[in-house]
Amino acid sequence: MAMKISRSQRQAGAYTRKSNSGRYVSYTPEPGGGETTDGGDYARYLVEIPATPDNHPIAAAVAQTEEQYVSSSIFSGGFNSATRAHLMEKVTDSDQNKATAVGRCAVAGCDGRAMRDERGQPAVPCECGFSICADCYAEAARGEGETGVCPGCKEPYVAAEDGAAPPGSAEKLTMVRSGVYARSQTGEFDQNRWLFETRGTYGYGNALWPSENDGGDGGDGGANGHSDLMKKTSRPLTRKLKISAAILSPYRLLIFVRMVVLGLFLAWRIRHVNEDAVWLWGMSVVCEIWFAFSWLLDQLPKLCPVNRAADLAMLKEKFDSTVPSSLPGIDVFVSTADPEKEPPLVTANTILSILAADYPVDKLSCYVSDDGGSLLTFEAMAEAASFASLWVPFCRKHAIEPRNPDAYFSLKRDPFKTQLRPDFVRDRRRVKREYDEFKVRINALPDAIRRRSDAFNAREEVKALRRQRESGLDPPEPPVKLPKATWMADGSHWPAYWSTPSPDHAKSDHPGVIQVMLKPPSASAPLSSDPDSVDDRLPALVYVSREKRPGYDHNKKAGAMNALVRASAVMSNGAFILNLDCDHYVYNSKALREGICYMLDAGGDRLCYVQFPQRFEGIDPSDRYANRNSVFFDVNMRALDGLQGPVYVGTGCLFRRVAVYGFDPPKKKKPRAGGEETAALIAGDWDLSSFPKRFGGSSLLSDAVAELAEPGARRRRALDSAAVAEAVAVVSSWYEEKTEWGGRVGWIYGSVTEDVVTGYRMHNRGWRSVYCVTKPDAFRGTAPINLTDRLHQVLRWATGSVEIFFSRNNAVFASRRMKLLQRIAYLNVGIYPFTSVFLVVYCFLPALSLFSGEFIVQSLNVTFLAYLLGITLTLCLLAVLEIRWSGVSLEEWWRNEQFWLIGGTSAHLAAVFQGLLKVIAGVDISFTLTSKASGEDADDEFAELYAVKWTALMIMPLTIIMVNLIAIAVGVSRTIYSVLPQWSRLIGGVFFSVWVLLHLYPFAKGLMGRRGRTPTVVFVWAGLIAITISLLWVAISPPSSNSRLGGQIGGTFTFP
């Protein structure tokens, strides 16, 4: 079997391959070796046999102690400071591990040789795997009960068929309590021993068992097994579900028809000027032209919507049918910044759902970014890591969904409906009790940390005062003042942020901190003949708080994500990255598998990321402020999936690490002799000499990046103290200086919406993305249901879009690698906030029409009404067809239309002025809350919905409502009491005013609060607006001087 050796491997001089028997063959020449006889590259070689029951590497015990040291230490360091490891607890191997490593009895005080069978292998008489010598076993067997009690697990020995389990029966006692076959003394799964005990044989990359009737002689049964393994299907991992032509064809036709109608309507409007009110006609025409342009930008990318589905069964057959699994590694990033705004309990539940995800344990790592450096978050994550040892096996054993404990125990459906195991009730009761205690501990952490810190600080002050007295100095006046430090439970200073800030311990001035809370599990998957066995291993969990120093721009969330990219590359280097917000948990445990299907499928090597839709919980049933964003996630994103791919929305996204590093997508190689065409990243195309300038000076990070060139050569990285120390260095504040991080590499800096810009850069380099909609939902999170919070959220998004429009990330400057319709979609991302200027003007036009008695057209003739009817009907029909192929409801579509106007007249308008001031004058304006009123009913799930928090963003929508209401009253009164009433102008003005008011109804309802308890500030602003409008109208059109009482209105009506 020939093996291709890369150029880099030849230079390194290390050539290895795996033989058919499972052994690793090294072709590295020995130092001082003689000349080869045939002149070939492989004339002299060494054979390295993996660990077997008779071959135990001595370094394994050292590596195990090193891993324990790493997982028990907090590593901190940064700019101009050495990296330090603070040992949280004493690092020693347990007595049992020591006994296992040297083959000695694990009973305390006994140093005898552990029992072995006739083949020299350890004989373990108990399922817990406790090593014991013959004398201690005989003494324990004479203890309590018929079979005695094991000194290790304190449970009775399991009796064999002929009584108590006798010493020397290793073949029957190699199963541990979890149902796993015996492991070697290194702690890893012993493949050779497992094959011997199960009569398995090595096959083509798998282990084959002889048939029951072949007698183990390797006859026809083995041959048939080999042939079955070679019959692998070529069925793809994903498929595209086309939308029915009966829906899509009329949809595209209606888009074309509406474009024609809009063109004809605008041409007619331009030709027919309203001579009576040219100013009114001019403003309306300009607004209508912009609305038509904005609608085209939004509608054209929707021409090719698609749906997709993943085949999990085929994924399991191709990549997860062997032991260990062939699925690639995934590093999950969870970002949090402030434990006061993002409760630690919510973050802990998200972490637990990730650790319990249905993905190979040894291929999954979780990194928590605490950008605030808070001890509260750190200890909450430590509590979550401890509770995970109970929660994760429970989820695997009973197939729990969802695997967020808070969400699971809050389910309103019957939890016993789909459970068949008799021990489910007992397990659920135990886990529920433990989770309640876990929540109490998390909620008590702030007070516990405060009381602990106060006690330690008081002790330190007493010690300082005692030292001064012992030195002969008089007690100072005032008493000794020491920094109010924040203390950890072991009596040492927390290295990051202190609740009472001090130099080197403030939010923007603290060292980097990394703690491995759960060390990576062994790569060997547990195999068992017991169907009830459960894999109790846990994925790796790492706490990361990057260094922050004054004078450095830390770039908010984008900088935190880039720090995680570098730290994870040094520690685990998973080929894929999944990023989640701290409030978005894994709702579907198989979501990671569905996402990886697209990456591993044919042509998947050109995918930069797989975006999942955002789904939210805790939203009011009517979704008053369109918090679910259903139209965007189910209409716009599905449509973009038919082009170059959906945009990146900041969370719930599975990235290819190569794309994050700023590399271009792979190019097609030329067809080979066999006519086979492949697409792969070529290591020779990567300029390794440019890595330090691009990625920084870390050699480990450069090596990790270079490993991505040959994915098949990537090995699991050993997690030792040197790797963690290097990870601390790459998250320091100075590391990104004079590198391409934030410019071409990683998350892009310079915008509030760094997510959209990062996705845009990837698409601009030619990458594609995919939209993955799963059933049930992949992830779920929370969204603000309060009006003010919602407006500020939209303000941040719109501000980022304005920044994109005025930057080089504007789609106008996109490369030719980006498709035309994809470019239009990104252009709309930067332009849509500017629609608010025209929208505000258009919302005032009906009121101006009613006040002036004029209309935007000369008269409501048949042509105008026909155009208006055609535009309205095509819009409604397009909405119906969108509902059909996207699955959104009519209510969701209408809520989206309402909030489009609410946000357009408030947050979008503020974002435009804020962006213009920032670009032109360099002034950065932020809108803050000026007064707050919280919901009074704490027991109401939606109490926050009724809370009214006044903000300046509410002024413009409130003004529009008041102006239109007053205008309707003025228009109706003028028409009724006029000598020659103009009913057509009244109907036109009132129709459009009502259209505006209907869209602003949720806003008005939000201002009213609960049960009419409207804040006083709302009445004050309403009164000021009404008085201002009245005074302006009197100043513009004063009463006639020859009227009898100066109060005549319209015709002959006068005040009495």
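Student: What makes β10, helix α10 (residues 344–355) and β11 a right-handed β-α-β unit?

Tutor: In this predicted model, β10, α10 and β11 make such a unit, where helices (H or I, at least four residues) and strands (E, at least two) are DSSP runs, numbered from the N terminus. A crossover is called right-handed if, with the strands pointing away from the viewer, the path from the first strand over the helix to the second runs clockwise, so the path from β10 over α10 to β11 is clockwise in that view. Residues are numbered from 1 along each chain as its sequence is written, local features need pLDDT of at least 70, side-chain atom pairs count only at pLDDT 80 or more, and totals for chains, interfaces and linings use all residues. Side-chain values use heavy atoms, with hydrogens and water left out.

Student: How do you know that β10 pairs with β11 (residues 364–370)?

Tutor: Two strands pair if DSSP finds at least two bridges between them; β10 and β11 have seven, in the parallel sense, therefore they meet the criterion. One of the bridges joins F333 to Y367 in β11. With β14 (residues 576–581), β10 pairs in the parallel sense over six bridges, and I330 has F576 as its bridge partner there.

Student: Why is β10 (residues 330–336) called mostly covered?

Tutor: Buried means under 20% relative accessible area (exposed is over 50%, partly exposed in between; 1.4 Å probe, protein chains only), and seven of the seven β10 residues are buried, so the strand is called mostly covered. I330, V332, V334 and T336 point one way, D331, F333 and S335 the other, and all are buried.
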